[in-house]
Amino acid sequence: MYDLILRNGTLYDVSRGLRGEVADIAIENGVIRKIAPDIPENAPHEIEVSGRTVTPGLIDFHAHFYAGGTGIALKFSTYWPAGVTSAVDAGSAGFGNIESFLSSQTEEERRNTKAYLYLGSGGLSTLPAHNENIHPKYFDRKKIKMLCERYTDRICGLKLRISAPIAEISGTTSLDSLRIGVEIAEECGLPISVHIPDFQGNLSQLIDILRPGDIFCHVFTPKRGILEDDRISPEIVRGRKKGVVMESACGKGHLGNRVAAMAIQEGFYPDIISGDFTKANYTFSPAGTLPYLMSRFMALGMTFEQVLACCTSFPAKKMGMEGKLGCIREGTPANLAVFQREQGEFIFSDVEGDTILGHEMLIPQATILEGEVVYNQTLCRSRPTNDSSL
Ligand SMILES: [Zn+2]
């Protein structure tokens, strides 16, 4: 017998070409058992989601959920009401404390999250009081390699922040630190994710150092980043052709409306849309929540399906969880998000006060994590129309 059925949802899954088909989803033992227009059986719990959009549970590829290990991190469960059921921790822990982080996780967290290991010993444990040290002489190659091998299913990359103030306080330079970081990542057979805003050196050098699959993080920062002579630099386009992954994590203010609008107008889209949510920015403008950032990118000119891919199928691939997370398929874990696609006029500000006008806001309605309803607002909403464009 099924445990839960979602009735009449408008389904979207970019990975298998579901584009607004209306169907029921039946769940048993935490797994999607059946997807069909009219499932005749009943279940003890049913949620009517007609007129609402059902997507795979969102993946926040740049998260901080080492709660208790750094002053900035949130709890993994804090993400759930926004439709997020999977996340990748972006370097909250380094080689000195990653085992403490991993051992503090619940089994549920272990199944649905992964971590990037910071190259500096303590990760981001000193934040928000002061920045970490990124001098390469402190990167313990041997230990980093050992940990990446020991936790091969938990650690999916290395992390480094190379902003000028961090390099300066560490007595190194952005690119010296990065060169060694990439060397170690190469030895570990993993990608490196690089926080680039305000890096020292030039973009051409940076792109030369990064390898295909490495992550260029905070790509639309209004700080020193991808602009040259106030234009989108051809170097970043070269980076994309080379296979560098372009990630737009918002964080406190690394999603500049003007930079993003210029890039998107030129057909330069992000591969990943992520939050970089911390205690300092989660649920507050300009970062908000992941669906809020997806709505912001729709205001910037991307389609719903494009932004959905950036928060489901693409990050699932980078986690090595393709076909398991970030999709709606029979036989896969029942991680689902339900949204109301509210039409109207919405103003999105960035950290500099630049505003853009959007016409759609994704409002989370329900979140299912491994078959469990962890958030549900559908009872409180007015009855939607059956207009499938909603
Ligand atoms: Zn971050």
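Guide: On the face of H3 that is turned away from its buried side sit the exposed residues Lys142, Glu149 and Arg150. Helices (H or I, at least four residues) and strands (E, at least two) are DSSP runs, numbered from the N terminus.

Visitor: Before we go on, what kind of model is this?

Guide: This is a predicted model, in which local features need pLDDT of at least 70 and side-chain atom pairs count only at pLDDT 80 or more, while totals for chains, interfaces and linings use all residues. Residues are numbered from 1 along each chain as its sequence is written.

Visitor: OK, so which residues of H3 are buried?

Guide: They are Ile144, Leu147 and Cys148. Seen down the axis of H3, these buried residues fall within an arc of 100°, so they line one face of the helix; the arc is that of the directions from the helix axis to the C-beta atoms.

Visitor: And what covers the buried residues of H3?

Guide: The cover includes helix H1 (98-103), E8, strand E9 (155-161) and helix H5 (174-188). Two residues are in contact if their C-beta atoms, placed from the backbone, lie within 7 Å.

Visitor: Zooming out, how many helices and strands does the protein have?

Guide: The protein has eleven helices and 18 strands. Its radius of gyration is 21 Å, close to the 21 Å that the globule rule gives for 390 residues, so the protein is as compact as a globular protein of that length. That radius is taken over C-alpha atoms, and the rule is 2.2 Å times the number of residues to the power 0.38.

Visitor: How much of it is buried?

Guide: Of the 390 residues, 52% count as buried.

Visitor: New topic: where are the cis peptide bonds?

Guide: One joins Leu127 and Pro128, with omega about 5°, and Pro128 sits in the loop between strand E8 (113-118) and helix H3 (141-150). Another runs from Ser285 to Pro286, with omega near 5°.

Visitor: What about Asp229, is it buried or exposed?

Guide: Asp229 counts as exposed, because it has 5 C-beta neighbours inside 10 Å. Asp229 also has a positive phi, near 55°, in a residue other than glycine. Most residues other than glycine have a negative phi.

Terms used:
A residue is buried if 20 or more other C-beta atoms lie within 10 Å of its own, exposed if 12 or fewer, and partly exposed in between; C-beta atoms are placed from the backbone.
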